[in-house]
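Please report on the fold content, the nonpolar cores and the ring contacts of the structure shown here.

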Amino acid sequence: MRFLLALAALLAFADTARAADPDALWKIISQKCLPNEREYGQPAPCAVVDLDKAYVVLKDINGDTPNYFADAWNERHYTIEAAKTALPREAISLAINSVSGRTQNQLHIHIDCVKPEVRDAVRRQLAAIGDTWAPLAMPLAGHPYRAMRVSGDGLEGANPFTLVADGVPGARAAMANQTLVVVGATFAGNAPGFVILDDQADPATGDRGSGEELQDHSCALAHP
């Protein structure tokens with residue numbers, strides 16, 4: 001079910017996350033998707049090439065700055081279509097791994113379902129998650145995450161990168177070590193929003209800072 005929205009300095013790219021070649025992402029985008037879009041108006045093998053916003057969407061073969069998380073959330077329909085069933089916002093997540101927790105040289109956002117146990121853990125702690133960063137009471141996938149909530153149907157008004165850089169002490173100087181996960185949420189009064197999760201890679205504890213660990217590439221939530 002996995003889809004990716006990947007980023008670079010001037011253009012954003014999407015990739016195959018498990019390739020042995022760390023430049024596989026760049027080769028697919030630069031040699032296939034971009035030329036096809038420019039010459040023929042067809043982004044294949046990518047699903048989308050948006051030259052104006054500078055990003056692409058590509059299905060994984062294994063399944064200030066622009067607010068790329070907002071764009072990634074707006075492309076979640078590819079995950080829903082792949083699941084072949086309606087998925088509530090609580091089932092969808094966006095994840096970006098730290099530099100030590102990813103296999104591709106290009107920064108990229110994974111668009112996929114969230115693991116059922118992660119969704120349940122977030123639900124249990126939802127009332128305690130506030131508008132500023134605070135540690136979660138329970139670890140996720142065995143790692144300590146901090147969390148904050150954001151209101152709104154989309155992320156146009158809240159850039160997770162900025163929220164981490166401005167709100168987490170020391171994060172601005174070590175952004176490459178951060179892993180960010182955005183999970184759709186519904187708050188009291190049926191108000192739409194998001195829970196944003198952050199963890200920092202810590203080699204001393206074996207934490208690679210791979211927020212993708214919270215995602216479910218088989219999308220069990222599509223088949224309860």
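## Surface, cores and ring contacts

The model is predicted: local features need pLDDT of at least 70, side-chain atom pairs count only at pLDDT 80 or more, and totals for chains, interfaces and linings use all residues. Residues are numbered from 1 along each chain as its sequence is written, and side-chain values use heavy atoms, with hydrogens and water left out.

Five helices and 10 strands are present, taken as DSSP runs numbered from the N terminus (helices H or I, at least four residues; strands E, at least two). Of the 224 residues in the protein, 52% are buried (buried is under 20% relative accessible area, exposed over 50%, partly exposed in between, with a 1.4 Å probe and protein chains only).

The largest nonpolar core has 53 residues, and Phe69, Leu87, Leu94, Leu155, Leu180, Val195 and Leu197 touch the most other members. Strand β8 (residues 178-187) gives this core its largest share, six residues. Another core, of nine residues, lies apart from it and has Leu25, Ile29, Val49 and Val56 among its members. A nonpolar core is a set of buried Ala, Val, Leu, Ile, Met, Phe, Trp, Tyr and Cys residues joined through side-chain atoms within 4.5 Å.

Leaving aside residues up to four places away in sequence, leucine 94 touches residues including Phe69, Trp73, Ile109, Leu155, Leu180 and Gln215; contact means heavy atoms within 4.5 Å.

There are two aromatic pairs, counted where ring centres of Phe, Tyr and Trp (its six-membered ring) lie within 6.5 Å (planes under 30 degrees apart are stacked, over 60 edge-to-face, the rest tilted). One of them joins tryptophan 73 and phenylalanine 194 edge-to-face, at 4.8 Å centre to centre and 85° between the planes. Tryptophan 73 belongs to helix α2 (residues 68-74) and phenylalanine 194 to strand β9 (residues 191-200), 121 residues apart. Both residues of the pair, tryptophan 73 and phenylalanine 194, are buried.

Two arginines sit over rings, as tabulated. The criterion is NZ of Lys or CZ of Arg within 6 Å of the ring centre and within 35 degrees of the ring normal.

| Charged residue | Ring | Distance to ring centre |
|---|---|---|
| Arginine 89 | Phenylalanine 194 | 4.7 Å |
| Arginine 149 | Phenylalanine 187 | 4.1 Å |

Alanine 137 lies in the loop between β6 (134-135) and β7 (146-151). Alanine 137 counts as exposed because its relative accessibility is 75%.
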